[in-house]
Amino acid sequence: MQHDIYQILSQFRPLFSRQAAFIWFIVVIFGFLLRFDHHGVSSFVRWLHLPASAYPCILHFFQANSWSLGEVMMAWMTFCQDKLPLVSHNERLLVIGDGIKIPKESRCQPGIKQLHSPSQNQAKPQQFAGHHFGCVACVTEQHGQHRAVLQAAQIHEGVDYLRQPQERESVVSRMMSMMLVIAMHHNIRVYFVLDALFSTSTAFHAVFHNVREDGTPWLHLITRAKSNYVAFTGANRHKKERFKLWDAFDLLDDFTEHAHPLHPKRMVKLFQRDLYWNDACFFLRFVWVIDGDKRFVLMSSDISLDALTILKFYGLRFQIELSFRVLKHIIGGFCYRFWSEACQYAKSKQALVPAEPQTAASSDKALLKLSAIERFVNLAIIAQGILDYFALVQTRCVWNVHQASSWLRSYSSVLPSAETVQRALQSSCLMSFSLEAVHQWVNSSRFPGLQDKRRKVRKHHTLEHFLSG
């Protein structure tokens, strides 16, 4: 399994201008995969048996200008398209997106903001300070089971004062811009599935005003409508054509009963209708769903999709929540501790604001830490994707290694979980891994098409800079 990981990571070698940076890239990925605790960068040094001098080297790696996060993540997406069984429909790739809010106690990290979470979990407060990441993921299918493989993450709130965009961007516009750049870079058409937070005119404006040469949109958006939305039967938006979406649930005779596309033993009632929505008169397909006691309305910018397919795609959106759990609790992708005194904040009832006026030097330091944070999270996403690759593509190998070194009382799935794959990797690779072995493999390997000199990355080249062009 260790050799297979080397072969996967070898595809990233042309993206690093220095061999040392590529070696530390391999060390960091193995650190995410093999460590048993989530205490920041120090856990890499501890569990990989690295010398103490490796700690400042790894910290410098996350802030080095010898590699670009955007290029690495685009290469990761290419690998997923080539090696993983991704779900697609009508020659469009199915991609899901969502945000995750991570509490952070530090007052010396960039991007910290007062966040609100509607979670009913009593262990999690509704108001807290932290980072809000926007993430996108592709959906895979193997043995009738679906999984979401994360592709990239980006801080979406609390960074406007650092990045200074021409226009103030919202969470919705950042998410749509992120997906559009990915689709255009890889020249792929996408079905993009989001929750009700993104059912806004900004999102659909990005869909219909970014088209390919043949006139088809790069993205088709599938999302859930809010209960107070109103649509119109005609483009003129006369009062007589006004149609309140929630009132359609009173027309039970128009609903048809079908087996749920993801749970065939469960029956759902569906009703679909194409209507005009919003001041911009977007022509959308609406699907009313009655699933037991639950009632909700779905919106799709592609009016050629049938109601069952729209319901199936929206039902798969929940898979990204499971990926968040793995990234947070198993990989430890959000356990970073990059801070600087230049990023200090003053307490405010509404939001966290810089304690002192931002100078050029303090802004550079803050951007450097912001870059390190996004790099840490995105490299953790690659490590998690490697676990998904072994679970989906090398299932038998994982089970053989796991059964030889561990035990499960019952096997609930044909595909091993991410935690099962990680345990198999830890039992087979932890004792054999060494920094000297990585050096020897890199020196003995011949990487085709490798240039002697590559341009250095622009200073403070974050994922945001790459996506903005």
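## Reading contacts and cavities in a predicted model

Reply: Trp76 is buried, and Phe79 is buried too. Keep in mind that this is a predicted model.

Me: Where do Trp76 and Phe79 sit relative to each other in helix 5?

Reply: They are three residues apart in helix 5 (residues 69–83), so about one helical turn separates them.

Me: How do I describe a pair of aromatic rings?

Reply: Give the distance of the centres and the angle of the planes. A search of the whole structure finds 38 aromatic pairs. Among them, Trp76 and Phe79 are stacked, at 5.4 Å centre to centre with 20° between the planes. The angle is under 30 degrees, so the pair counts as stacked.

Me: Which residues lie over the face of a ring?

Reply: Arg92 lies over the face of Tyr191, at 5.8 Å from the ring centre. Arg212 lies over the face of Trp218, at 5.1 Å from the ring centre.

Me: What about charged side chains, and when can they pair?

Reply: Side chains of opposite charge can pair when their charged atoms come close. The structure holds eight salt bridges. One of them joins the side chains of Arg189 and Glu91, at 3.3 Å from N to O.

Me: Which parts of the chain does the pair of Arg189 and Glu91 tie together?

Reply: Arg189 is in the loop between helix 7 (171–186) and strand 6 (190–193). Glu91 is in the loop between strand 1 (88–89) and strand 2 (92–103). The pair therefore ties together parts that are 98 residues apart in sequence.

Me: Is Arg189 buried or exposed? And is Glu91 buried or exposed?

Reply: Arg189 is buried, with a relative accessible area of 18%. Glu91 is exposed, at 70% relative accessibility.

Me: Which residue meets Asp98 in a salt bridge?

Reply: Arg317 does, at 3.2 Å from N to O. This pair links distant parts of the chain, 219 residues apart. Asp98 is in strand 2, and Arg317 is in the loop between helix 9 (307–315) and helix 10 (319–331). Asp98 is buried, with a relative accessible area of 7%. Arg317 is buried as well, at 13% relative accessibility.

Me: Which residue forms a salt bridge with Lys113?

Reply: Glu157, with the closest N and O atoms 2.9 Å apart. Lys113 belongs to strand 3 (residues 113–116). Glu157 lies in the loop between strand 5 (145–155) and helix 6 (160–163), 44 residues apart from Lys113. Lys113 is partly exposed at 25% relative accessibility, whereas Glu157 is buried at 16%.

Me: Now a single residue. Where is the place of Cys281?

Reply: Cys281 is in the loop between strand 11 (267–277) and strand 12 (282–291). At 23% relative accessibility, Cys281 is partly exposed.

Me: Leaving aside neighbours within four places in sequence, which residues is Cys281 in contact with?

Reply: Ala235, Arg237 and Tyr276. Ser201 is 80 residues from Cys281 in sequence, and the two are 9.8 Å apart in space, C-alpha to C-alpha.

Me: Last topic: cavities. How many cavities of 30 Å³ or more does the count come to?

Reply: The count is two.

Me: Which residues line the largest cavity?

Reply: The lining includes Met77, Gln81, Leu93, Val95, Gln151 and His186. The elements giving two or more residues to this lining are helix 5, strand 2, strand 4 (127–142) and helix 7. Helix 7 gives the most, with three residues.

Definitions and conventions: Residues are numbered from 1 along each chain as its sequence is written. Side-chain values use heavy atoms; hydrogens and water are left out. A salt bridge is a side-chain nitrogen of Lys or Arg within 4 Å of a carboxyl oxygen of Asp or Glu. Helices (H or I, at least four residues) and strands (E, at least two) are DSSP runs, numbered from the N terminus. Buried means under 20% relative accessible area, exposed over 50%, partly exposed in between (1.4 Å probe, protein chains only). Contact means heavy atoms within 4.5 Å. Rings of Phe, Tyr and Trp (its six-membered ring) pair if their centres lie within 6.5 Å; planes under 30 degrees apart count as stacked, over 60 as edge-to-face and the rest as tilted. A charge sits over a ring if NZ of Lys or CZ of Arg is within 6 Å of the ring centre and within 35 degrees of the ring normal. On a 1 Å grid over the protein atoms alone, a cavity is a set of points where a 1.4 Å probe fits but cannot get out, and a pocket is an open set with protein on both sides within 12 Å along at least five of seven lines; lining residues have an atom within 4 Å of a point. Grid points are joined across faces, edges and corners, and a volume is the space filled by probe spheres set on the points.
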